[in-house]
Amino acid sequence: METRHKDNFITRRREPKRFILWLCMASSSFVFTVLLITYLVRKVGSDWRNVTLPTVFLASTGVIVASSLTLHIANSAFRHERFTQYRLYLGTTLFLGTLFVVLQMLGWRQLMLKGIYLHTNPSGSFLFILSGLHLLHIVIGLIFLSIAFAEAMRRIPYVEAFVYSVNPPNLLKIKLFTLYWHFVDVLWLSIFLFLLVQHGM
């Protein structure tokens with residue numbers, strides 16, 4: 001009598017793109033974890049001088065949290081076939097993501113106006129490296145958001161939008177960039193709270 005092995009977490013077949021995304025997010029988390037540990041080790045050095053966080057980083061944090069909320073609303077609208085609302089909130093998420101980039105750059109400008117550059121001291125270097133590396137993740141997310149928004153705007157008629165919404169590859173695409181965007185949002189919150197405790201504002 002043939003016995004069937006039960007599917008479990010280890011042996012079950014995974015969707016390749018989702019699996020690759022999880023691997024990439026795990027790798028990014030590892031890199032940032034190593035950087036934060038290095039930060040704590042380096043902080044005991046005699047040349048360490050604490051640098052106050054730019055106040056604009058607080059505003060950018062609020063913006064990135066809001067972008068996660070608008071993307072969540074956009075996804076809910078998409079699932080319930082409210083395509084006009086989906087386009088509106090997806091576009092809002094794209095705007096907020098772009099605004100986050102602008103605010104982060106303004107934060108760098110605040111640092112440079114205080115004479116703090118990448119090579120000035122270890123504390124300032126870590127601020128630039130951590131926020132810059134995260135900003136790279138945001139830019140990648142904005143590229144995928146822009147593509148999704150452009151596709152949504154090309155399908156204004158309800159029938160075209162509906163046909164697009166029931167296509168499994170399209171559904172997967174939206175799920176993946178949503179997962180990634182929420183990841184980079186949580187990543188920034190973790191970095192910001194860590195820096196806030198270490199530096200203050």
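Colleague: Before we start, what does buried mean here?

Modeller: Buried means under 20% relative accessible area. Keep in mind that this is a predicted model.

Colleague: Okay. So is His-134 buried or exposed?

Modeller: His-134 has 0% relative accessibility, so it counts as buried.

Colleague: Which helix is His-134 in?

Modeller: His-134 sits in helix H4.

Colleague: And what does His-134 touch, skipping residues up to four places away in sequence?

Modeller: With those skipped, His-134 touches Phe-32, Phe-100, Val-184, Leu-187, Trp-188 and Ile-191.

Colleague: Let's zoom out. How many helices and strands does the protein chain have?

Modeller: Six helices and zero strands. Going along the sequence, the pattern reads α-α-α-α-α-α.

Colleague: What about the box around the C-alpha atoms?

Modeller: Along the principal axes, the C-alpha atoms of the protein chain fill roughly 65 × 55 × 20 Å.

Colleague: What share of the contacts with a separation of 6 or more is between residues 24 or more positions apart?

Modeller: In the protein chain, that share is 82%.

Colleague: And how much of the chain is buried?

Modeller: Of the 201 residues, 42% are buried.

Colleague: Now the nonpolar core. How many residues are in the largest one?

Modeller: The largest nonpolar core holds 54 residues. Tyr-86, Leu-90, Ile-138, Leu-145, Trp-181 and Leu-195 have the most contacts inside it.

Colleague: Which elements give two or more residues to this core?

Modeller: Helices H1 (16-42), H2 (56-79), H3 (83-113), H4 (122-154), H5 (158-165) and H6 (168-199). H6 gives the most, with 14 residues.

Colleague: Which residues does UniProt list for "transmembrane region"?

Modeller: An unreviewed UniProt entry lists residues 20-41, 53-74, 86-106, 126-150 and 179-197 under that name.

Colleague: What do residues 86-106 look like in the model?

Modeller: Residues 86-106 are 100% helix and 0% strand, with the end C-alpha atoms 30 Å apart.

Colleague: And residues 126-150?

Modeller: That span is also 100% helix and 0% strand, and the end C-alpha atoms are 36 Å apart.

Technical notes
Residues numbered from 1 in each chain as written. Predicted model: local features only at pLDDT ≥ 70, side-chain atom pairs only at ≥ 80, totals over all residues. Heavy atoms only, no water. Helix = DSSP H or I, 4+ residues; strand = E, 2+ residues; numbered from the N terminus. Buried < 20%, exposed > 50% of the residue type's maximum accessible area, 1.4 Å probe, protein only. Contact = heavy atoms within 4.5 Å. Core = buried A, V, L, I, M, F, W, Y, C linked by side-chain atoms within 4.5 Å. UniProt positions renumbered as here; feature names shortened; annotations may be inferred.
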